[in-house]
Amino acid sequence: MQALWMVLAALFFASMGVCVKLASSWFTSAELVFWRGAIGVVFLWLLARRQGVSLATRYPGMHAWRSLIGVFSLAAWFYAIANMPLATAMTLNYMSSVWIAAFLVGGALLAWVPIPGRDGRAQRPPLQAPLVLTVLVGFGGVVLMLRPTMGANEGFAGLMGLLSGLTAAFAYMQVIALSRIGEPETRTVFYFALGSLVAGGIATLLTGVSAWDWGHALWLLPVGVLAALGQLCMTRAYATAKTQAATLVVANLQYSGIVFAAIYSLIIFNDHIDAMGWSGMGLIVASGIAATVLRQRAVPKAPAEEH
């Protein structure tokens with residue numbers, strides 16, 4: 001069942017991407033972030049009450065930092081979805097696992113202290129070849145995917161897509177820190193939704209409110225609902241995975257979201273992605289799966305990622 005929950009979560013997140021792309025014709029990225037946060041706050045407050053989880057926290061600073069970088073990642077992702085093929089934007093956001101692998105390599109090198117061996121020579125720093133190879137393959141996929149699929153006006157959107165994955169990795173590292181000090185996942189996701197509501201609302205006031213049309217506004221509701229349902233299914237999938245092997249299967253099935261996004265791109269938006277683009281997407285998925293496996297070994301029982 002945990003595999004089914006994760007595939008369902010991936011479908012919800014990909015469907016949310018469709019709604020974001022459609023709604024972006026009438027609303028700015030700031031407004032989409034605001035409404036995703038507003039609907040998420042209500043949904044998660046109800047969920048917390050049902051679970052008996054208190055929303056009071058002793059670590060407001062950690063939640064504020066996690067929300068800040070998470071909201072930036074979300075806004076960058078929504079901008080990328082609005083301005084480039086859905087499958088490409090989704091794949092760039094899912095690069096977060098590869099970025100985490102890069103952080104693990106960098107962290108190991110920074111923490112390395114040269115200790116003389118028996119022969120008096122300092123030991124070499126850990127090369128962590130599998131992680132390094134994973135990162136290189138992932139970035140090779142980015143080069144293949146963006147070169148053939150980006151139009152003249154999509155360069156900035158591609159940069160935003162990459163930044164969404166990078167900042168999502170930073171946010172996830174903070175989620176791991178919060179889980180280690182005992183913060184429930186429902187509370188962590190609630191404060192992220194609250195941060196989206198506040199930051200999106202401020203940005204909307206600064207950039208201006210779009211003309212309201214109830215027919216167009218109907219697309220805002222599924223953006224928030226699908227995101228909340230996706231997070232709920234993902235959390236359920238991790239909670240029901242009792243073994244290390246089951247957790248790895250669940251974590252890697254999140255990449256089925258890219259498959260769903262590709263199907264939506266072809267059927268709904270008639271996006272064109274040539275052979276090099278598909279090859280790059282495949283490399284990113286493969287490197288993401290490898291990075292997830294290596295991450296689970298380095299950080300056992302890591303919490304679910306958010307999208």
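Where is the place of Asp 271? Asp 271 sits in the loop between helix H12 (256-267) and helix H13 (275-298). Helices here are DSSP runs of H or I with at least four residues, numbered from the N terminus. The model is predicted: local features need pLDDT of at least 70, side-chain atom pairs count only at pLDDT 80 or more, and totals for chains, interfaces and linings use all residues. Residues are numbered from 1 along each chain as its sequence is written, and side-chain values use heavy atoms, without hydrogens and water.

Asp 271 is buried yet has no salt bridge. Buried means under 20% relative accessible area, exposed over 50%, and partly exposed in between (1.4 Å probe, protein chains only). A salt bridge needs a side-chain nitrogen of Lys or Arg within 4 Å of a carboxyl oxygen of Asp or Glu. For Asp 271, the nearest side chain of opposite charge is Lys 21, 5.4 Å away. Lys and Arg count as positive, Asp and Glu as negative; His and the chain ends are not counted. Leaving aside neighbours within four places in sequence, Asp 271 is in contact (heavy atoms within 4.5 Å) with Pro 85, Leu 86, Ser 265 and Leu 266.

Leu 86 belongs to H4 and is buried. In helix H4 (residues 86-93), 8 of the 8 residues are buried, so the helix is largely enclosed by the rest of the structure.

Where does a salt bridge form? The whole structure holds 1. Glu 183 pairs with Arg 187, their closest N and O atoms being 2.6 Å apart. Glu 183 counts as buried, at 8% relative accessibility. Arg 187 is buried too, at 11%.

Now the nonpolar interior. A nonpolar core is a set of buried Ala, Val, Leu, Ile, Met, Phe, Trp, Tyr and Cys residues joined through side-chain atoms within 4.5 Å. The largest has 61 residues, of which Met 16 and Phe 78 touch the most other members. Helix H1 (residues 2-23) gives the most to this core, with 10 residues. Another core, of 9 residues, lies apart from it and includes Leu 47 and Phe 190.

Last, the surface. Val 259, Ile 263, Leu 266, Ile 267, Ile 268 and Trp 278 form a nonpolar patch with about 570 Å² of accessible area together. Such a patch joins nonpolar side chains (Val, Leu, Ile, Met, Phe, Trp, Tyr) within 5 Å, from residues with over 30% relative accessible area and no salt bridge. Areas come from the Shrake-Rupley method with a 1.4 Å probe; for residues, only the protein chains shown count as cover. H12 gives the most to the patch, with 4 residues. Ile 263 lies in H12 and is partly exposed, at 42%.

Definitions and conventions
Helix = DSSP H or I, 4+ residues; strand = E, 2+ residues; numbered from the N terminus. Patch = residues over 30% accessible without salt bridge, like charges linked within 9 Å, V, L, I, M, F, W, Y side chains within 5 Å.
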